[in-house]
Amino acid sequence: MRRRKKGSDSKKTKKKIGFRRLVSNNLFALHTIWSASPVYMTVYLGSSLVYGLLGFLGETYVLRYVVNGLERGKDLGSIVRFVVILACVTCAFRLALSWFWMVISPKHKKKINMHIVRQLFKKSAEVELSCYENPAFYDQYVKAMEEATNRTLSVMYTLDSLIAKAVSLSANSFLLFLIDPWLILFGLFPLVLGFLRRFERVASHSCESEIKEIKRREKYVKRTFYLNEYAKEMRVGGMWSNMLRDLRETWTDFRRVSVKYGFRRAVCGYIRRVGLDVVTVLGATLYAVWSTMCVGASNGGMSVGDCIVVIGSIGVISSCLNDLVQNLAEFGEHAMFLEDVRYFLAYEPAIKDGTKSAPEGGDLEVKDLSFRYEGCDRDTLQEISFCWKRGERIALVGSNGSGKTTLIKLLLRLYDPQKGSVSLDGTDVKDLTLSSYRSRFGTVFQDFKMFSLSVKENVLLRPTQPGDDELVEAALRESGAWERVARMEHGIDTILTREFDEKGENLSVGEQQKLSLARIFADRTPFVILDEPSSALDPIAEYTMFQNMMRATEGRSVLFISHRLSSAVLADRVLLMDGGRIAESGTHEELMARNGKYAEMFRRQAENYLGSEVNGHE
């Protein structure tokens, strides 16, 4: 696995969005927060107004009030009362707000996060499988998942900062204007410098976008060192050295991207900081000192109190202006990342939901079905036609790449065909709701997954209910997994894997396969689809499992894929696929009598077992 060479990922299409879309994306984030928790948003943004006002009164105005009051001989008691009242109000406000942040806020913040994640997960369940095979779409999907919660809340945090800075800026600017209108010029200079932030923002977004892909590569390499599924291959040969090589390449790419964008960001930041410190703060300070010391209050200059206020306020004003421009730049940055989120949430799935509820069972008819994967130059399935009768057991056999698994995906409407149709009990499945149609199937895929939850939850694949224990135990007995589960310390309540539980159990592949089959027996769906459900079992165990399965699924429609043709003997009908077509169809006996490709494959496998269980069925 060789990674792309240095510099190969630098030619990315930079995302550009217009002003209206920028505003729309940020309003989308605020609307999302408001929908989840209007209380949290109201308190958060409302406190910004109070913070800005109290900040001005406590840090700027009170200083001028005290100094000028003392200078002019104002009553000391009134000065102290003002300071004490302001201090009490500030303390009370901060105490109430601290209680809100520590006690109330975490619950509301989690509620907002769950609201956002729920939307993403719901959309994720709706999009068709082909989206996961499209690199461009999948990249946007990953970015949306990674950025959605943080970026949505960041819009509110930026707005919060903008409100506080705007209040502080307005109050301080008005006070400076009353003291000396010329001081406003010093305060406005950071506004010009602040526009350099735009260039920093563009560089930061481009840098983060490139680094995000590098991080995905880095995380993948790290997973190969600690996930169980890679453990054997990583130890048998020298693959670990290859993965370390790829890890070093990601570090090289990190350095390259940092250097590529770091200089531009550093120069912009340096110019802004020098302009702020030298021109604004130092210039205004020197002007205020000159006005106080050289001109004097009696000649139209500043008083000592006003001079102190100017020295303190000019820094606040320039900082607020700089921060406001930065806040506006942040809105642009948030908008670019939220574009991925909105694109994903607005995506219209190609597989449309129907309006009718699916019947409880019936015949499933496939007619002239043809399908081609995106980017392929030939059809994977070509003019497939057959009828799956109610209660019929069909064995789907054929060599690798003949189209068996693809056919199953079309039967489940994980894909829609380019040509042909699938109908259930006379109704085109495209007219049925996806949820009701797919709920009629109990399915075990070849690449089934175990979750780090209890055995019971792994069998049921739903929240548990009273009386489920007996159902789960019966299902485990039917699948052949009960003997292993019965030896576990906590039985069906045992957690699988030790990822989160030291007392969890790790199952072998064969044991996992038996447990996955228990899902079929625990859910009495009218249709059962098994994609090589016994590939990890030995031939005798597989044959026994299929016998149990046929007995347990009596009256249900069963379609199973198996490379061991001995299991096909138990089916009512065998469909042999070859080159994306149904090459032969019939019972085992009929196909053997036809002496075609199926018979040839069956005899070849029978010879390998030298008269074992398969020979008794020839």
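This is a predicted model: local features need pLDDT of at least 70, side-chain atom pairs count only at pLDDT 80 or more; totals for chains, interfaces and linings use all residues.
A residue is called buried when its relative accessible area is under 20%, exposed when that area is over 50%, and partly exposed in between. By this scale Tyr 51 is partly exposed, because its relative accessible area is 32%.

## Aromatic pairs

The count of aromatic pairs comes to 13. In one of them, the rings of Tyr 51 and Phe 93 have centres 5.3 Å apart and planes at 85 degrees, so the pair is edge-to-face. This pair links distant parts of the chain, since Tyr 51 lies in helix α2 (residues 38–71) and Phe 93 in helix α3, 42 residues apart. While Tyr 51 is partly exposed, Phe 93 is buried, with a relative accessible area of 18%.

Another aromatic pair is made by Phe 441 and Phe 527, which are stacked, with 5.0 Å from centre to centre and 25 degrees between the planes. Because Phe 441 belongs to strand β6 (residues 441–444) and Phe 527 to strand β7 (residues 527–531), the pair ties together parts that are 86 residues apart in sequence. Both Phe 441 and Phe 527 are buried. Beyond these pairs, one aromatic cluster is formed by Tyr 40, Tyr 44, Phe 100, Trp 101 and Tyr 157.

## Salt bridges

Side chains of opposite charge can pair when their charged atoms come close. A search of the whole structure finds 22 salt bridges, and the table gives some of them.

| Glu 339 | Arg 21 | 3.0 Å |

The salt bridge between the side chains of Glu 339 and Arg 21 links distant parts of the chain, with Glu 339 in helix α10 (residues 304–346) and Arg 21 in helix α1 (residues 19–36), 318 residues apart. Arg 21 counts as partly exposed, because its relative accessibility is 32%.

Are Glu 333 and Arg 151 buried or exposed? Both of these residues are buried.

Glu 126 counts as partly exposed at 32% relative accessibility, whereas Lys 122 is exposed, with a relative accessible area of 53%. These two residues and Lys 123 are linked in a network of salt bridges.

## Helix α14

Helix α14 (residues 468–479) has 12 residues, which should span 16 Å at 1.5 Å a residue, and its end C-alpha atoms are 16 Å apart, which agrees. Which residues of α14 are buried? They are Asp 468, Val 472, Ala 475, Leu 476 and Ser 479. Seen down the axis of α14, these buried residues fall within an arc of 100 degrees, so they line one face of the helix. What covers them includes α13 (455–460), α15 (482–486) and α16 (509–522). Just after α14, Gly 480 takes a positive phi of about 90 degrees.

## Strands and sheet

An open sheet is formed by four strands in the order β2-β1-β4-β5, with antiparallel pairing. At its edges stand β2 (381–388) and β5 (427–428), each with a single partner strand, so one side of each is left without a neighbour in the sheet. Strand β4 (residues 419–424) pairs with β5 in the antiparallel sense over two bridges, and Leu 424 has Thr 427 in β5 as its bridge partner.

The strands β9 and β10 form a hairpin with two residues between them, and Gly 579 in the turn has a positive phi of about 65 degrees.

How values were computed:
Residues are numbered from 1 along each chain as its sequence is written. Side-chain values use heavy atoms; hydrogens and water are left out. Two strands pair if DSSP finds at least two bridges between them. A salt bridge is a side-chain nitrogen of Lys or Arg within 4 Å of a carboxyl oxygen of Asp or Glu. Buried means under 20% relative accessible area, exposed over 50%, partly exposed in between (1.4 Å probe, protein chains only). Rings of Phe, Tyr and Trp (its six-membered ring) pair if their centres lie within 6.5 Å; planes under 30 degrees apart count as stacked, over 60 as edge-to-face and the rest as tilted. The expected span of a helix is 1.5 Å times one less than its number of residues. The arc is that of the directions from the helix axis to the C-beta atoms. Contact means heavy atoms within 4.5 Å.
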